[in-house]
Amino acid sequence: MEKSKKLLDKLFTRGREFLGVEYPILGGAMSWISEATLVSTISNEGGFGVLAGGNMPLDLFKEEIRKTEELTDKPFGVNLISIAPNFRAQLDHVLEIQFPFIIFAGGLPPRDAINKVRKTNSKMICFAPTVGIAKQLIKMGVDALIIEGHEAGGHIGPVSTSVLAEQILPHTTDVPVFVAGGIGSGLLMVHYMMMGASGVQLGTRFAVSEESIAHDNFKQAFIKAASKDAVPTAQFDPRLPVIPVRSIVNKGVEDFTTLQLGLLAQMERGTLDRKEASEKLEEFWIGGLRKAVIDGDVEGGSLMAGQSVGIISEIQSVKDILADMIDRGIKESDRILGLVDVCDD
Ligand SMILES: Cc1cc2nc3c(=O)[nH]c(=O)nc-3n(C[C@H](O)[C@H](O)[C@H](O)COP(=O)(O)O)c2cc1C
C-alpha cells in the first residue's frame, strides 16, 4: 500500500501545486447548489470547492464570496457563465478584488474577458468541450483547462469524456488539465491521471452530499436514478439551437420539449426572434433547477444530473466522499502496481 500511496501522491503533484490543495479534486460549480457551505466544506476537507456565479445578482454574489471566505481559509474558485445576464458585473467584481481562481463556463469566453484576467495574478481555468476549443483556449493564454464530456450533468458538450481525454491529455503538457463528466469514484480518477490529467472535477456526486443544500426530494431522486435515466435534451430545428442539458427524465423534460416547439412556432409566425427564443430556453433551466433544488419539485423542476448518478447509492458527507475517492484511488493504484510486479517476474 505504501507504494500505491506514493503513486497517487505523484499523480496529484501538478494539480495539487496549481490549486494549492491536498487533493486535486474539484467540486464542480452547480447553480443553486454550490454555495458558501458546500464550497467551503469541499475546500476545508482538502478538495477544491467552486462557487457557482450562475444567474446570481451582484449583491448576492459578493455576499456568497464573503461568506465562503469566512468559512474557509483554503483556496476555492468562482465559476462565471459567460452567457449569464450578470456575467459582466460578476467579472468586474472578481477582477476588482483580484480573486485568485476564475473559472469561465458557457462556451468560449469573450476575448476581452480573457485578456482582462491575464493582466491580473488570478489563475484562469476554462471548459473545453472539444479538442478544437482546447487548442484555441491554450493559444488565448488560459492557465488550465477542464475537459468536460457528454456524460456530465447540466449543460453538456458533444464529445464523450473518454474520447476528449484520449484526444487532449497526451498532447497537452503546457497547462494542467482537469477531467470532468461521468466520474463517480477514485477508479476513473486514477486512470485519467495516469493518462496525464492533473486532477478531476465531479458535480453529480457532490450534489447528493450531506452538506449540499439541495432538497431531500432532489437527493432521493438521484439515489433512485439509474445511469440510463440521465439523458440529454434534443434539438428539433437548427433555427433554434439548443445547448443540450443532461437531466433525469421527468415531466420537466417534457415541458422543455413543449416550450421548444411553442417557441419555434412563434419564430415561424415572426412574433419572436431567435435571440429572445434562446433566452427563454435558458431561463427555463435556471427556473427549473431552482424548483427542483430549492422547492423539491422533482416532477416539474429540472433534475440536472450526469450519468454517474447511477453510481450513487447514499447521501454521504463531503469528508466521506473525498476519503472514498482517495481510498478507491489507492486500491486501483495498488492493482496497477501489482500488474507491473507481474511483468517484472
Ligand atoms: C445540478 C448541476 C448543475 C450544474 N451547474 C453548473 C454551472 O452552473 N456551471 C458550470 O460550469 N457547470 C455546472 N454543472 C457541471 C458541473 O460543474 C460539473 O462539471 C459536472 O457535473 C461534472 O460531471 P458529473 O456530473 O458527471 O460529475 C452542473 C452540474 C449539475 C449536476
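View 1. The chain holds 13 helices and 11 strands, where helices (H or I, at least four residues) and strands (E, at least two) are DSSP runs numbered from the N terminus. This is a predicted model, in which local features need pLDDT of at least 70 and side-chain atom pairs count only at pLDDT 80 or more, while totals for chains, interfaces and linings use all residues. Residues are numbered from 1 along each chain as its sequence is written. Along its principal axes the C-alpha trace spans about 75 × 45 × 40 Å.

**View 2. The shell around the ligand.** The ligand is surrounded by 28 residues, the closest being Gly28, Gly153, Gly154, Gly203 and Gly306; a residue counts as near if its C-beta atom, placed from the backbone, lies within 6 Å. At least two residues of this shell come from each of β3 (76–81), β9 (199–202) and α9 (204–207). Because domain 1 (2–213 + 312–338) and domain 2 (216–307) both give residues to the shell, the ligand lies between them, with domain bounds taken from an automatic or database domain assignment.

**View 3. The packing of helix α1 with helix α13.** Helix α1 (residues 2–19) packs with helix α13 (residues 318–344) at an angle of about 110°, their axes being 8 Å apart; axes are lines fitted to C-alpha atoms, for helices over the stretch in contact, and angles run from 0 to 180 degrees between N-to-C directions. The two helices α1 and α13 are therefore roughly perpendicular, a term for angles of 65 to 115 degrees. Lys3, Ser4, Lys5, Leu7 and Leu8 of α1 make the contact with Gly329, Ile330, Ser333, Asp334 and Leu337 of α13, contact being C-beta atoms, placed from the backbone, within 7 Å.

Note on methods:
Parallel < 35°, antiparallel > 145°, perpendicular 65-115°, else oblique. Contact = placed C-beta atoms within 7 Å.
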